[in-house]
Amino acid sequence: MHLLARVAMPDPTEDTPTTTLYQELQQAFEHFNQALFVRELGKSLNPCIITLQRKRRSHGFFHSQRFCHLSSGAQADEISLNPTYFALHTIEESLSVLVHEMAHQYQALYGKPGRRGYHNKEWGGILKKIGLYPSSTGQPGGREVGEQMSHFIVPDGPFVRACNELITREYRLSWMDRFPELDDDEYEDPSLWEPIPAEDAPEPSRPEADPLTNAADPESDERKSAEETIHPPLRVDRAIIPALQRPDRFVLPSQLPPKTPNTRRKYRCPSCGNQVWGKPGMHLLCGESRCRQSAMEEKEA
């Protein structure tokens with residue numbers, strides 16, 4: 001006799017961390033779709049699948065028609081965001097990355113994306129109309145097209161107005177990664193974790209953080225945008241600082257155990273270029289007959 005265990009099904013009306021976070025992202029997507037793409041550009045985006053990823057120094061990416069429904073065969077685009085950076089930037093900056101990726105989706109639906117993630121003039125024009133300005137440096141004066149592109153928020157532009165409409169409804173991204181990316185020297189400045197005096201607080205419509213920078217994925221094609229990478233911010237969102245200062249909530253790099261040093265070395269034949277890996281200090285000879293047992297040179301892996 002086989003006994004079947006009765007598994008209690010979760011209450012679909014109960015909020016869980018998963019439903020809370022994804023509902024907040026979906027709410028932002030739907031709001032900006034109507035406020036920016038329908039209102040400003042006259043066309044709506046298709047529903048997409050929003051995912052989270054933690055690829056180092058990648059703030060997010062867009063991939064057209066990445067998902068396929070098992071039964072119907074319907075396809076859906078993907079917008080992926082990195083939750084590691086939610087705690088390190090203002091909510092406006094985090095949402096601007098979502099809108100940045102939505103602009104890639106809009107171009108994939110109604111325009112002609114550049115090959116292999118290239119940010120062309122058409123994409124830049126879409127960004128300008130919705131209140132984000134393309135720039136290779138993330139600031140005024142940078143190049144407006146290229147593979148490695150960024151953007152800055154236009155003060156009092158459509159994005160700022162749409163963002164203010166959303167945030168006035170007590171909207172926030174409630175869940176954040178407890179292990180934020182803080183490996184750069186800029187994060188060693190203790191003032192980063194100090195509350196900003198009200199008179200020194202930056203205007204929310206101005207890009208006070210370091211720029212976003214796009215890094216093209218070698219596997220990308222016409223339907224996939226370059227990844228959006230981001231540099232450290234100058235300041236952390238004031239509303240998040242108290243939580244960051246509590247060790248029971250966030251774990252900073254100084255609190256992590258030291259990384260194990262890399263002891264592996266690469267050995268390369270100067271004649272044929274063959275490579276092997278091994279422990280430091282080994283004396284290896286190349287076995288190729290044409291190399292006549294050339295001594296392999298030790299290099300760091």
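Which residues point one way from β5, and which point the other way? In this predicted model, S150 and F152 point one way from strand β5, while H151 and I153 point the other way, and all of these residues are buried.

The protein has 301 residues, of which buried residues make up 43%, and its secondary structure comes to five helices and 10 strands.

Strands of a sheet pair through backbone hydrogen bonds, and the pairing is either parallel or antiparallel. Here β4 and β5 run antiparallel and are joined by four bridges, and within this pairing Y133 stands opposite F152 in β5. Y133 is partly exposed, with a relative accessible area of 28%, whereas F152, at a relative accessible area of 10%, is buried, because buried means under 20%. The rings of Y133 and F152 have their centres 5.4 Å apart and their planes at 20 degrees, so the pair is stacked. Since Y133 lies in strand β4 (residues 132–135) and F152 in strand β5 (residues 150–153), the pair ties together parts that are 19 residues apart in sequence.

Y106 is buried, with a relative accessible area of 9%, while Y110, at 38% relative accessibility, counts as partly exposed. Together with F37, the residues Y106 and Y110 form one aromatic cluster.

Helix α2 also carries S94, which counts as buried at 4% relative accessibility. Leaving aside its neighbours within four places in sequence, S94 is in contact with Y85, F86, H89 and L173.

A further feature of helix α2 is its packing against another helix. Two packed helices are described by the angle between their axes and the distance between the axes. Helix α2 (residues 91–110) and helix α4 (residues 158–167) pack at an angle of about 120 degrees, and their axes are 11 Å apart. The crossing of α2 and α4 is right-handed. From the side of α2, the residues that take part are I91, E92, L95, S96 and V99, and they meet F159, V160, C163, L166 and I167 in α4. Sorted by class, the contact of α2 with α4 has eight nonpolar residues, one polar residue and one charged residue.

An open sheet of three strands has the order β9-β8-β10, and its pairing is antiparallel. The edge strands are β9 (275–278) and β10 (297–300), each of which pairs on one side only, and the twist averages 35 degrees from one strand to the next. Strand β8 (residues 265–268) pairs with β10 in the antiparallel sense over four bridges.

Within this sheet, K266 stands opposite K299 in β10. K299, found in strand β10, counts as partly exposed at 36% relative accessibility. Not counting residues up to four places away in sequence, K299 touches R265, K266 and R268. How many residues apart in sequence are K299 and W277, and how far apart are they in space? They are 22 residues apart in sequence, and from C-alpha to C-alpha they are 9.4 Å apart in space.

Note on methods:
Residues numbered from 1 in each chain as written. Predicted model: local features only at pLDDT ≥ 70, side-chain atom pairs only at ≥ 80, totals over all residues. Heavy atoms only, no water. Axes fitted to C-alpha atoms, helices over the stretch in contact; angles between N-to-C directions. Helix = DSSP H or I, 4+ residues; strand = E, 2+ residues; numbered from the N terminus. Left-handed = near helix turned anticlockwise from the far one by under 90°. Contact = heavy atoms within 4.5 Å. Nonpolar A, V, L, I, M, F, W, Y, C, P; charged D, E, K, R; others polar. Buried < 20%, exposed > 50% of the residue type's maximum accessible area, 1.4 Å probe, protein only. Phe/Tyr/Trp six-rings, centres within 6.5 Å; stacked < 30°, edge-to-face > 60°. Pairing = 2+ DSSP bridges.
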